[in-house]
Amino acid sequence: MKKKLSICAAAIIALAMTACDNGKTGTIEGEVRDAFTNKPLEMPTVGMDSTIYTTLSKKYEFNQELRKGKFKFVKVPVGAYRVYAGRSKYVKTRMKIETTEQNPNASLILYIYSAQVDPGLYQGTKEGPLKIDNKWVVYSTNCNESIAGYRLTMPQQQAGDAKASLAEKIGVKKKGKGKKAKKAAPAAVAAVTNLPDPRVIEGKLEVFYHNSSSVSTAITAKTYPAVVAPIASHKDCKGFGEGETKGVFPVKDKGTDLKVEYVAENLYKITGNLPKGKQIIQLSQDGKTLQTYYFEAK
């Protein structure tokens, strides 16, 4: 009886091994590129989470192609995987893929970028990321219901003015005959700067946005016509100085959606055609504004 059971067990194991050997497999291959230059990166590290497939394996046989930024894993059982790519001093990225018996192969491009890139808006160039300085951020306002706009002017306290202001508060002492006297400090005159002109582009927007932290929900981007309007019509907005009666505001009901694509960890590509004229571009998440930029489309 025991002998018969052993024979049956051996048959079942053999059948299972045969089924595994006959399972459908395919090839996962692709290329790793710099997100900003779109150029292949030499010798990246690529792998598939929770599997034996990695370019760091001693058995990896495609190192010559890896020097060109290309990778390949063969005899990969069909299924769902997360492919990752990285490189020294670069931000690692991951991509979900799924193969089937009907389509056992997959070809993909993975983008990574320098870990030295700060949060903000960038242009991609052949040389690398070119940051678009947000020189309007100090003019931005906080709004509870309407979309954030900009103030038209900004008082700038100069170094000399700051010293004079401090002297006014504490009094400037000078030596006299047998007594000390206070000398009034000169009145501080605050310099005023105007809202800088918008960044001018031809109309087609193609930029990258690096968020400061990981996000669990999607980032959205919209562009709105920018108009000068009374501050009284946006009473929910704060941040305007005394005496200002007008500001630059987006026209809330005339927004145009921009396309936002995930590129790599914390990095998104934003594209779209801006309507002609001055525009305020709003980047937001969960209904909260992350950043606004001032553009003019020719």
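# Salt bridges, a disulfide and paired strands

Lysine 269 has a relative accessible area of 23%, and for that reason this residue counts as partly exposed. The points below begin with the confidence of the prediction, and then turn to the charged pairs, the disulfide and the strands.

**Confidence of the model**

- The protein chain has an average pLDDT of 84, and 80% of the residues reach a score of at least 70.
- Over residues 1-5, however, the pLDDT is below 50, and this stretch has zero contacts in the model beyond near neighbours in sequence.
- Residues 7-21 also have a pLDDT that stays under 50, and for them the model shows zero contacts beyond four places in sequence.

**The salt bridge of lysine 269 and glutamate 206**

- Side chains of opposite charge can pair when their charged atoms come close.
- The side chain of lysine 269 meets that of glutamate 206 in a salt bridge, with 3.5 Å from N to O.
- This pair links distant parts of the chain, since lysine 269 lies in strand S22 (residues 267-273) and glutamate 206 in strand S17 (residues 204-210), 63 residues apart.

**The salt bridge of arginine 151 and glutamate 244**

- Arginine 151 and glutamate 244 form a salt bridge through their side chains, at 3.1 Å from N to O.
- Because arginine 151 belongs to strand S11 (residues 150-151) while glutamate 244 sits in the loop between S19 and strand S20 (246-250), the pair ties together parts that are 93 residues apart in sequence.
- Arginine 151 is buried, because its relative accessible area is 8%, and glutamate 244 is buried as well, with a relative accessible area of 16%.

**The salt bridges around aspartate 49**

- Aspartate 49 and arginine 94 also meet in a salt bridge between their side chains, again given from N to O, at 3.1 Å.
- Here, too, distant parts of the chain are linked, for aspartate 49 is found in the loop between S2 and helix H2 (63-66) and arginine 94 in strand S6, 45 residues apart.
- Aspartate 49 counts as partly exposed at 21% relative accessibility, and arginine 94 is likewise partly exposed, with a relative accessible area of 34%.
- These two residues belong to a network of salt bridges that links Asp49, Arg82 and Arg94.

**The disulfide**

- A disulfide is a covalent bond between the sulfur atoms of two cysteines.
- In this model, the disulfide is formed by cysteine 143 and cysteine 237, whose sulfur atoms are 2.0 Å apart.
- The link of cysteine 143 and cysteine 237 is right-handed, with 110° about the S-S bond.
- The two cysteines come from distant parts of the chain, with cysteine 143 in strand S10 (residues 142-143) and cysteine 237 in strand S19 (residues 237-238), 94 residues apart.
- Cysteine 143 counts as buried because its relative accessibility is 19%, and cysteine 237, at 9% relative accessibility, counts as buried too.

**The sheet of S2, S4 and S6**

- Strands of a sheet pair through backbone hydrogen bonds, either parallel or antiparallel.
- Three strands make up an open sheet in the order S2-S4-S6, and their pairing is antiparallel.
- Strand S2 (45-48) and strand S6 (93-98) stand at the edges with a single partner strand each, and therefore one side of each is left without a neighbour in the sheet.
- From one strand to the next in this sheet, the twist averages 20°.
- S2 is joined by four bridges to strand S4 (residues 80-86), and the two run antiparallel; within this pair, threonine 45 stands opposite glycine 86 in S4.

**The pairings of S24**

- Strand S24 (residues 288-297) pairs in the parallel sense with strand S16 (residues 199-201), over three bridges, and valine 200 stands opposite glutamate 296 in S24.
- S24 also pairs with strand S23 (residues 277-285), in this case in the antiparallel sense and over nine bridges, and glutamine 282 stands opposite threonine 292 in S24.
- S23 and S24 form a hairpin with two residues between the strands, in which aspartate 286 takes a positive phi near 55°.

How values were computed: Residues numbered from 1 in each chain as written. Heavy atoms only, no water. Pairing = 2+ DSSP bridges. Axes fitted to C-alpha atoms, helices over the stretch in contact; angles between N-to-C directions. Disulfide = S-S within 2.5 Å. Buried < 20%, exposed > 50% of the residue type's maximum accessible area, 1.4 Å probe, protein only. Salt bridge = Lys/Arg side-chain N within 4 Å of Asp/Glu carboxyl O. pLDDT = per-residue confidence, 0-100. Contact = heavy atoms within 4.5 Å.
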